[in-house]
Amino acid sequence: MDSSAAIATPPWNLRRPFLTGQFYQEVKVTPGTTEGKGFSVDSSSGTDKVIGCYHATIQELIVIDDLLSALLGIEGRYISIKKVRGKEDAITFQVDASMDLALQEFSKRLFPLCESYILINQFVETRSQFKTGLVNHAFAAALRALLLDYQAMVAQLEHQFRLGKLSIQGLWFYCQPMMGSMQALSLVVKKAAANNCSGSAVLNLLQSQAKAMAGDHVVRSLLEKMSQSASTAYLRILERWVYEGVIEDPYGEFFIAENKSLQKESLTQDYDTKYWQQRYSLKDEIPSFLANAAETILITGKYLNVMRECGHSIQIPVAEKSKLAIAGSNHHYLECIKSAYDFASGELLNLVKNKYDLMGKLQSIKHYLLLDQGDFLVHFMDTAREELMKKPDEISVEKLQSLLDLALRSTAAAADPCHEDLLCCVERTTLLKRLSTLKDLEISRSAPDSNDLEEPLSITGLETFSLNYKVRWPLSLVISRKALTKYQLIFRFLFHCKHVDRQLSGAWQVHQGLRKLDMQGTTVSVSSLLCRNMLKFINSLLHYLTFEAS
């Protein structure tokens, strides 16, 4: 369709002016006028004549009739509506050049209102489609209700015109109050259409426009009402998130994104998993009235989602749940969100502490991986010494596990209900090599080149043995693979210190046996003194690491 073509051209042979009242009177014959009572323009001859052929009084009637049509986006006989070439949503109005200058001036004053109606009406039609999103649907519905009031006003003006009680000055008087509101809304819809806004962007646009109209109370109130109507659907999505931990967002409008590719199982398998950070994350576009509470909203939904995946039924107080839907100011929104956050955090904390015994698991990890109660390890090292002296490829992990279970049942660890979650594992690299591969650890920064670290020619299970711990959801959020790996690194160091302590104790016993032989010379004495000092140091180090530091 040619952009210069008219937007709408009604069949004028079906639309003749019907004028009554004070204008139903005899008009004196003047050049370019018609004579008779009850002025009527024949459609066949009216379109051939320019408006300047008529008397000024008749011109006024024709112009009012055309303006009433233009107010609804319909072309008249002497007022045409055209699109501007190369500019989308740009409309221009043209009047017959022979029209009375005063009538032309009045017409031009009303053209901005006519243009605003056309733009808003086009926006309503295009944004009522399913693909535009829930916020656009709600905004379009609010605009449609406003246009119905506007159309009712035009219908009333037309009724007064048919009764002969409406002049061009009266038409301007009655339309003037609507000018500011319609122009402000047309500016919003033009920006929304140009940027293809949806969701949070539409709400922010309405909010910013309302702030810009701070000097006009009527227009600002209208924009705030539009913003409130448009945010109704958005608040429903928010309500489900902060009360159930569920995102019901079919059009991707919510400011929280869900990454379904990340599974909770990755917490116990992947060292660098980003499950907690990226499973649910904030988008760039956030509604301005929720910007200060965005992080709180995100965490609240995350907490509820954890409980929902645990099968824990979430009972939200009805009074709190109803607050969010009726909240009308930022202060109320923040109160509702804060209440939901307090509820969710308290429920999740009680769940992991009471049902899943988080403190018991942490205490158990302290006993076994930080050697808070290391008597089981002494028993294990005695029974598993031969197996640990083998190369890593030759070690039987099943045998080590059975020896570890025996050591746990034979010591004070048997009273710990969590001791069955303890597992044996044999690494393939030494502790130093393992540290060099973990880039987030500080020790890797001090290494000149982690790739230059070479493994010893022969390593045994004493250098590669470690303990693992079974952690289930939702405790894996706290004791993740990354956190557990750090515990394992500490254990490997402590285990190596324990091995050195045992070796030094054996050497010291040998020196004690040599003293009985009363051998001459100072070599044995110096060696015994050095061994005793080293043993004293390693015992002090172990005591500090296992009791004071932990």
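Where in the structure is the place of Asp249? Asp249 sits in the loop between α7 (217–244) and β3 (256–258), helices (H or I, at least four residues) and strands (E, at least two) being DSSP runs numbered from the N terminus. The model is predicted, so that local features need pLDDT of at least 70 and side-chain atom pairs count only at pLDDT 80 or more, whereas totals for chains, interfaces and linings use all residues. Residues are numbered from 1 along each chain as its sequence is written, and side-chain values use heavy atoms, with hydrogens and water left out.

**Asp249**
- Asp249 is buried yet has no salt bridge, and Lys283, the nearest side chain of opposite charge, is 4.4 Å away; buried means under 20% relative accessible area (1.4 Å probe, protein chains only), a salt bridge is a side-chain nitrogen of Lys or Arg within 4 Å of a carboxyl oxygen of Asp or Glu, and Lys and Arg count as positive, Asp and Glu as negative, with His and the chain ends not counted.
- At 2.8 Å, the side chain of Asp249 reaches the backbone nitrogen of Phe254.

**Ser345**
- Ser345 belongs to helix α11 (residues 330–355), and a polar atom of the Ser345 side chain lies 2.9 Å from the backbone oxygen of Tyr341.
- Ser345 and Ile299 are 46 residues apart along the chain, and their C-alpha atoms are separated by 8.8 Å.

Key: Buried means under 20% relative accessible area, exposed over 50%, partly exposed in between (1.4 Å probe, protein chains only). A polar contact is a pair of N or O atoms within 3.5 Å; within protein, one must be able to donate a hydrogen and the other to accept it, and residues adjacent in sequence count only if both atoms are side-chain atoms.
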